[in-house]
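Let's take a walk through this model together. Have the sequence and the 3D view open side by side.

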Amino acid sequence: MNELRDAANIDSATSIAAVREAFEREFERFARLAERGEALSLREIEEAGRELGELKARYTGRKSPLAALKKQIGRVAAEERAAFGQRVQRLEAELSERLEAAERALRDAGARKRIELERLDVTLPGRRPRRGHLHPITLLRQRMEDIFVAMGYAVEDGPEIETDFYNFDALNIPSAHPARSAQDTFYTTDGLALRTQTSPVQIHAMQRRRPPLRIIAPGKVFRRDTPDATHNPMFFQIEGLLVDRHATMAHLKGTIAEFVRRMFGPHTRTRFRPSYFPFTEPSAEVDYSCFVCDGRGCRVCKGAGWIELGGSGMVHPNVLRAVEIDPEEFSGFAFGLGIDRMCALMYGLDDIRLLYENDVRFLEQFA
Ligand code: DAH
């Protein structure tokens, strides 16, 4: 009987030692990992934490050798029970203490690592958004506007989609008129079209303001053109219109002459060539002396000494009548200038299409 008890005791004592030893063997790796802490990657720390959890379950869980030892306490001989129980308890305390310490160390290392990874250096210089600037056509348009505004003109806006009435009829271009096909354009199904010129704003302005009036109307126009170095199906014009009592061709010439002087310098000269537009009578095309060679002839003006500015003329009585202005009481002059070609000439561009491609490397040169 005694022998058996001893055997059981020896057995129990051996078991405690065996469990401790086995634990030590397996645990050693975690003790080392926990010590290295932040030298590990976050993934390694998390992985170690998971494995440590498994180890804990295996050694201290319900089916663990520790649980088996605890059950054994009851079966040990009465006089040995207290001592055995204490030893089992000590083992349990030792195991959980060591496990907890390693868990804590890994948890802390993980937290520090996470903070480290997510840390923002608020002193780092930020990535600045690229600063934009105005498009060269806008820059030029604003210069032109400033000159006319200084001469008392108001800047008027009009729709880019027009009815036949505004784009053609009211401008003295009836439906059978050959000038229509010259400005054939993008039509929609219900009698609307992209405006082919800024001239329809003349009609809107006269309806809105009634004479006397002076307006300019910058904006986009659309033509059925194949793009090439000097053409684009969309381009910019500035329309001008003055309607007053006793307005004459002299006022038109004076106004245009003053505009080019302010635009290109006081020595700039103008030249009016007879022309035809349905909405003006008489009509004239305007040239100005080349701003590069001053009229001697150069590459920019292609040897001519003159550069085309646009069309102009005295407002046709039919146009005034279309908006119920009495041509006996009022007269007016109008002009239409292209912005794009002037822009290309002034900036020395050999291809007008550069202005519409929005290539930042190109546009940046005009900041
Ligand atoms: N609208 C004409 C065009 O696009 C330009 C023009 C010519 C406008 C004579 C005018 C003008 O106001 O009087 O070709």
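What follows goes from the overall layout to the ligand site and then to a few helices.

First, some ground rules: residues are numbered from 1 along each chain as its sequence is written. This is a predicted model, so local features need pLDDT of at least 70 and side-chain atom pairs count only at pLDDT 80 or more, while totals for chains, interfaces and linings use all residues.

The protein splits into domain 1 (2-118) and domain 2 (136-366), with bounds that come from an automatic or database domain assignment. Their C-alpha centres lie 92 Å apart. The average pLDDT (the predictor's confidence in each residue, from 0 to 100) is 92, and 96% of the residues score at least 70. Residues 1-5 fall below 50, and beyond near neighbours in sequence this stretch has one contact in the model (a contact being two C-beta atoms, placed from the backbone, within 7 Å). Where pLDDT is low, the predicted coordinates should not be read in detail.

Now look at the ligand. Around it you'll find Gln197, Ser199, Glu239, Phe277, Thr280, Gly310, Gly311, Ser312, Gly313, Ala334, Phe335 and Gly336, each with its C-beta atom, placed from the backbone, within 6 Å of the molecule. Which element gives the largest share of this shell? That's β8, with four residues. Both β8 (306-315) and β9 (331-338) supply at least two residues; strands here are DSSP runs of E, at least two residues, and helices are runs of H or I, at least four, numbered from the N terminus. By type, the shell has three nonpolar residues, eight polar and one charged, where Ala, Val, Leu, Ile, Met, Phe, Trp, Tyr, Cys and Pro count as nonpolar, Asp, Glu, Lys and Arg as charged, and the others, Gly among them, as polar.

Helix α10 (residues 317-322) holds arginine 321, which counts as partly exposed because it has 13 C-beta neighbours inside 10 Å. Its C-alpha lies 9.8 Å from that of asparagine 172, although 149 residues separate arginine 321 and asparagine 172 in sequence.

Among the buried residues of α4 are Phe84, Leu91 and Ala109.

Terms used: Buried ≥ 20, exposed ≤ 12 C-beta atoms within 10 Å, placed from the backbone.
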